[in-house]
Amino acid sequence: MSMRRRVTAAVLSVLLAGPLLIAAAMPADAASTETVAAKRAVGKWTVTQIGPQTYRVAWRAPERLPLGADRPQIRTGNASLGVALVERDGRTVYVDVQAARQPDPTGLDVVLSGDRLNISGDDVAARSGAAKTSGTKGSSVERATTTLPDDPATPGAFNVQTSDYELDPVKLPGMPEPIEMVGHVVEPVDTAATGPRPMVLFLHGRHSYCYNPKNGHDGWEWPCQPPFKEIPSHLGYDYIQQVLASQGYFTVSVRVNGINAQDFALNDGGADARAQIVERHLDYWADQAAGHQLDMSDVVLVGHSRGGEGVDRASLEIPLSAPYRIAGQVLLAPTDFGGQTAAYVPTVTVLPYCDGDVYDLQGQIFTDAARDLTNDDTSLKSSVLVMGANHNFFNTEWTPGLAEAPAWDDWGDTGSGLCGEANPDRLTPTEQQAVGTAYVSGAVHLFTRDEEEFLPMYDGSAVNVTSTGDAEVFSHAIGGGRVERRPGVDSGLSLADGADTQLCLGAVTWSRPRHGLCGRVGDLDGNVPHWSGEGDFLAKRKNLEVEWSAPGQTGGLVFDDPLDLSGGQRLELRTIVDPLVGDVAFTVRLTDADGHQADVVPEGGSALAALPSSDWLGKRWGQTVIVDPSTAAGTDLSEITQVDLVAESNRGHVWVLDMAAAPDQLAGVPNRRLPVVSLGKVKVAEGNRQASTAKVPFTVSGTLTRPATVAVGQLTDGEDLATLALDLAPGQTSGSLVVDYFGDKLDGPKRQLTLLAAFPRSGVMTDQYLGRLVILDDDPTPKVTMSPVHRRVKEGTSAMWQVTLAKPVSYGVFVWLRPVAGGVHGPRLAVGDVPRDWLRAHGVPRRVSASTPLHRAKLGVYAYIKPGRTSTTLAIPTLRDGTKEGREAVTARIVADMAGHRLRATKTIYVVDR
């Protein structure tokens, strides 16, 4: 396998609580296990019991993992075992699970950006090899766009100035080294008569942090040690800063290399740490506002990659009482491990179709999760899909040819595949950065200056701007004053005529297909940003699914309450076209309360293309179908009770996420924030009971004025994962979650950690979404005896050492032996005195001379004491060669690992020839 820099992504199910209770299928006598056929395997698996019914499943890579936005996960099939963490070595990925039997890693994979790291080869590159293009590029459907007269990327009239600053570093929880407070400022010159200047703050994502200028190699120490230098990721958005500053904005881009170097073991991936640094910089600039003509009531946050999740976390944490106001945010190729979104904060999420890092486009959650959180959030939530764009090129310091340090194309395909470098539809760095400039600038203008001439760039309209050239960009939106009708929430199925329709659940299965799930057919890994895994805890919304086999067939939704499409409003349908079926064509039938009907052709025509696809790559993403209801003659537009699709193509398969009446201008946004729930931690003594309970506390910040619901990961019978609905009452400020755990009378690890994961459903948002139960072992470590079975043995028999525990322990004890020189006199056992086949099986190459003393042969012997057992034997077999050699000594250093506490002894055995 190529352990490459490019980071290529997975359908992230790190949203599962851990340790998880899983169905384990492993022989009872199995120990630390290496599996997967040798011809395919990469790295090393180990499974260690660390407590009652608790195991640590770990995989160690042959070299450090690449540093990017995605998080590695250990999966069985396509279901995650839980929140996987990385050891400080940058190579070991592990997850703690609960199971009745020891897990078997035979069927497990370590997945990072869609590539199975434990299997040789690159899955993404292999699947890209035989790509064929279909859909909007090369399909029979031509998508006509209108060029807007104004371009937000046009430089303004003001001269700009650049400066850099450094403040005292900040110590944050979970990271030994403080985090730097460094910023790069681009602003209008002091003399420019701009009036109050809105502030735009940029936060970069997770990337390598040190490099050697002499050879381009990454450095892994922090802080960087000479000759290594820091990678200036925060300078990578200067091209956007320059444009915004010329338009009268104050911009600052901040550096967080210290977080990138230390967030490997943080359960939330460092999102809260990044939010804390954003807030510290805003606090600083609030004090400096007068000297820079800052308008701190109009702050826009721009976050890239994990920086996107970081700024969203800041937006939902910052109270309305802060000396600054977040007017909006732009998230470039963001992660969203916590399933979070900031209510009442206008948000544009930019999704690169060819993202090779966060390739599941999980940033779509920021839009979708906002729809059902609360019924009075009128902030615009827009998703922008940029065809041919990758993850890295939005940052010039992550772009080859522009970066100071070595950089790479995260997609990593140099061929002509759909997202390959040689495909003319792939954007060059210059083209992608032009899109970044236009869509960041347009959102900033929209959020701070109400310049709604740029709204069509974000609301699903088929438009472009001059600066983006031939780049193809799609968008859709919720909020902003839209009145939605949601399948299965406030609407049901209409009476279909010929078409097959259902309200499917927005979830994906990789086991047995279930017809009630939207994602059940095709290669869906990384291709379904609107849908989550069937077994994870993200909210799942119902979709209208319509499939037809002849023109004229119909299917659609009946609304619980009529939808008002009068007064110039337009009807929007967020519609996914199945790439396995291909392009479709349909009209839209409107039915009013009196039963009058009218068929309307959508704007741009009845044809709707599937998004481009290859053998495996084909995003199921909701395009906006826009209907002008004013042409629906004879219907009462103020009382539309039913909307149907009327097939025009011979066949078709689509999903409709929702339908909405959209006003011609944005609605005002309430000056509110949702209350936030934070899970806490609790420490308990293990005790002796087989099953006990603990209470993990939670708090609510802000005022709950209505009932709210949060889903919390819970465990059931060892196979099924379920969610506990945590219902919160108005006025509630705290509470606790009851968690089961196991105890016994045996020594165990001194600390066991169980994670709970909480995800918002309605009326509330999460902040610290991971809770902790720390179980402290209260049983003494038993005495361990290490001694030879016999002090003298004859040639042809085995020298054996026994390791004995005074009483059983609840974890597996690893024991290993290495011959050492020792302090004895006389001849030593040599390589030639031991069977060659046995030596090779224990790490001694054939080339080692027979006369080499055994303690110089780098020999290792390993054994395992299973939980509940008390002894094991380590043996070195000897040969009977018939030569009188007298007494030969073999001295062994024996080590027993008692849950991280290592006990050692050195013992000698003599081998005699008679």
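**Ground rules.** I number residues from 1 along each chain as its sequence is written, and I use heavy atoms for side-chain values, leaving out hydrogens and water. Because the model is predicted, local features need pLDDT of at least 70 and side-chain atom pairs count only at pLDDT 80 or more, while totals for chains, interfaces and linings use all residues.

**Helix 2.** Seven of the nine residues of helix 2 are buried, where buried means under 20% relative accessible area with a 1.4 Å probe, protein chains only. The buried residues are Tyr239, Ile240, Gln241, Val243, Leu244, Ala245 and Ser246, and they pack against strand 11, strand 12, strand 13, strand 17 and helix 7. Just after helix 2, I noted that glycine 248 takes a positive phi of about 105°.

**Helix 2 on helix 7.** I then followed helix 2 (residues 238-246) to helix 7 (residues 429-449), and found an angle of about 40° with the axes 10 Å apart, the axes being lines fitted to C-alpha atoms over the stretch in contact and the angles running from 0 to 180 degrees between N-to-C directions. That makes helix 2 oblique to helix 7, a word I keep for angles that are not under 35 degrees (roughly parallel), over 145 (roughly antiparallel) or 65 to 115 (roughly perpendicular). In contact, meaning heavy atoms within 4.5 Å, Tyr239, Ile240, Val243 and Leu244 of helix 2 meet Gln433, Gly436, Thr437, Val440, Ser441 and Val444 of helix 7.

**Cores.** Which residues have the most contacts inside the largest nonpolar core? They are Met199, Val252, Leu282, Trp285, Met296 and Leu301, in a core of 44 residues, a core being a set of buried Ala, Val, Leu, Ile, Met, Phe, Trp, Tyr and Cys residues joined through side-chain atoms within 4.5 Å. Helix 4 gives the most to this core, with six residues. A second, separate core of 38 residues includes Tyr237, Leu244, Val350 and Phe447.

**Valine 252.** Leaving aside neighbours within four places in sequence, I listed the contacts of valine 252, among them Tyr165, Met199, Gln241 and Trp285.

**Helix 4 on helix 5.** Last, I checked helix 4 against helix 5, whose axes come within 7 Å and cross at roughly 65°.

Terms used: Helix = DSSP H or I, 4+ residues; strand = E, 2+ residues; numbered from the N terminus. Buried < 20%, exposed > 50% of the residue type's maximum accessible area, 1.4 Å probe, protein only.
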